[in-house]
Amino acid sequence: MKYLLIIFCFSCQFVLAQKIQFANAVFKTGDNAAWANEQFEDKDWAPIQLQTYWEKQGYDKYDGFAWYRIHFNLPSSLKEKAILKTQIEIYFPGIDDADITYLNGNEIGKTGRMPEDPNGYKSGGRIKERHYLISADNPVLHWDKDNVIAIRVYDGGGTGGVFGDQHYIRFLDPIDYITMDTYSSIFEIHNKKVSKDIYFQNKYSGILKGILTTTVKWGDSLISKNNQSVQLLSGKSQITIKNLPLVESATVSFVFTEELEKKSQSAVHEIPYILTPIEKDIPRIHSSAIFGSKPGVPFLLAIAATGIRPMQFQVTGLPKGLSFDSKAGLIKGNTGVGTYSIKVSAKNKIGKDEKTIELQIGDDKVMLTPPMGWNSWNCWGLSVSDQKVRSSADAMIRSGLTNHGWNYINIDDGWEASGRLNNGNITPNEKFPDMKALGDYLHAQGQKFGIYSSPGSTTCGGFLGSYQKESEDAITYGLWGVDYLKYDLCSYRKLYPNGLTLDQLQEPYLVMYHALKSSGRNIVYSLCEYGMQDVWKWGKSVGGNVWRTTGDITDNWNSLKNIGFSQEVPASFNSPDYGFGDPDMLIVGFVGWGDNLHLTKLTPSEQYTHMSLWCLLNAPLMLGCDLTRIDPFTYNLLSNDEVLAIDQDILAKGPKKYEISDNLQIWVKELADGSKALGIFNMSNARVSKMVELKEVGLLDKYKIRDLWRQKYLISGNTIKVDIPAHGVTLLKIVSS
Ligand code: GAL
């Protein structure tokens, strides 16, 4: 064992104006309820620092219980100096893993669960910081006397104990009682003006006042600045900011400065800007030009078309076994192997559109263009339910997204009951009363039905997996009418604690692939093993149609950037006959991974980048937001048919990346019609204006250059001036002229 030299003083405390900081404690491994008591004699305990884990202070490889005791004097001067003398906070920046904290023998807070708790030990997990609050008049506090904080820590493995820079006790400042929330509302756009609701929560028992400053800027230039006095009653209040200018990629900052202490809270947003032109009334068919399915199983293709309703659809050239519902625009039935060219037309009172779609029916033709739809995970997490799935499906139709090709409705983790039926079959939990009825409901609206499982005995969310029940589960999915299975490695890894070889990793995916053959349905098989062992090189060989190439995405720029801009190699394997790499689901709209949703933390420009890049990559487009709250900006992002056509392009050629400078990347993609799509991405935190020579990315001709987001031709030539907001994109299509 190694010991660090610790300079220790038994009652070290640093009294700053508003807080007392702790640096050291005394420490003992083991567990004894008496150690919580204030009077307990701990003079023979070992000294320990609070800044770092116990492993770094001589307790190598120690897992289990250990206690910290911190002695301090609580001077009444602290109270005298406090502005609001109501609540005291005891703060620890990190405790690894679970803890119960006592002050003078009384429990004041707990994070995680202890081994003796009814459901057993659970780490504090992502919650690292401990904010334990005590009322200032609580007799547990000993003013001007010695006090003892005792922390009972349980470490379930790895490092253990208290860590981090600043540990203290202090009075809460007025600003600490206030939260300003700018992510629960959208920016409303009316008559070229923008408004937004800001929600405040005042947890103090009385009124708190302050100034809310709203500043709009374009780059560094000030557009407007407004101060308004705000009185926050105890509880929730809402303030609507009106008449913000609708200036493309301007930023707005909201700063609330509390009156008594002048401390503030702030939030900065980019004001959303709409690029997609308003949808046309005339019919336009947007279904992909190729569509695949297995022979001899139920076939379903919903024709996606925009244009005012009523609209009549017609189809000619259907193979035997398929029929067409002209009102709903659905092709259904069951047909045999072959390639069939069908002609689809859509007509309304203004005009007509026609498109040829090639149906490819064969055992390996399950899916030929990246799936577009919705998955429950990024919004509802494990709180998904039948009702949430149905309302999402309905909202997809009502919003108009269906007309642009959005079709799959996929349930992620959280639908499974904790035990199987007596006959061994998997069954849903109480949130899903009837899976077959749900499947029928979706199919009747022309939507596809997706589900989720794991080859392990449990899923990542701790629900039941398919381990050793793969055939039974595949048959059950067939009976329910499933069209898509996301198969997530999760607990299967526990079978191989030292890591999986390639064969061991492929095996469970092959098992389910063979099982799905008996499902009697055309089930898209989506592999989820986070890109391990370069899944893009072998995904097809285990029957996959799409495969996750990365870990989970979250709604911030770093996550988007690290995942999206590292997909050149995985996407180079994509093709209709091989399958598609999946850089994870979309993080636009209201997301949240549970019951509390917030507006994505990506700026509007970052969201344009997200969609543009995913389309250049031919990525599956799975929405992860609450579809019942699609706002005009998000709809604009998801309904640009020229952008979506890049994703659905039937060549599905991976884009080539050119790093022009630290700040600029250009991704060039060949399209099936001989033209090219170009994403010019501004990776920097500031606007970039630049002349781009297409020669720099190997394009030597003269081209007609079209802006895909704005759907208009810009110029012809080989040079283009771009002006791109921070983290934004210019997405172009170029055709030799
Ligand atoms: C993760 C997976 C997520 C989601 C989650 C469910 O492993 O990457 O996309 O499916 O499990 O528990």
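Gly481 comes after H5, and its phi is positive, near 90°. I note that the model is predicted.

**Entry: helix H5**

I went back along H5, which spans residues 470-480. I listed its buried residues: Glu470, Asp473, Ala474, Thr476, Tyr477, Gly478 and Trp480. Then I checked what covers them. The cover includes helices H4 (435-444) and H6 (502-516), along with strands S33 (448-453) and S34 (484-488).

**Entry: Tyr477**

**Entry: the cores**

I recalled that nonpolar side chains tend to be buried together in soluble globular proteins. Here the largest nonpolar core has 94 residues. Tyr477 is among those with the most contacts inside this core, as are Trp406, Trp415 and Leu623. Helix H9 (residues 604-616) gives the most to this core, with six residues.

**Entry: the whole protein**

I counted 11 helices and 48 strands. The radius of gyration is 30 Å, close to the 27 Å from the globule rule for 737 residues, so the protein is as compact as a globular protein of that length. Its C-alpha atoms fill a box of roughly 90 × 65 × 45 Å along the principal axes. Buried residues make up 56% of the 737. Last, I looked at charge: there are 77 positive and 81 negative side chains, and the centres of the two sets lie 6 Å apart.

Technical notes. Residues numbered from 1 in each chain as written. Predicted model: local features only at pLDDT ≥ 70, side-chain atom pairs only at ≥ 80, totals over all residues. Heavy atoms only, no water. Core = buried A, V, L, I, M, F, W, Y, C linked by side-chain atoms within 4.5 Å. Buried < 20%, exposed > 50% of the residue type's maximum accessible area, 1.4 Å probe, protein only. Helix = DSSP H or I, 4+ residues; strand = E, 2+ residues; numbered from the N terminus. Contact = heavy atoms within 4.5 Å. Rg over C-alpha atoms; globule rule 2.2 N^0.38 Å. Lys, Arg positive; Asp, Glu negative; His and termini not counted. Charge placed at Lys NZ, Arg CZ, Asp CG, Glu CD.
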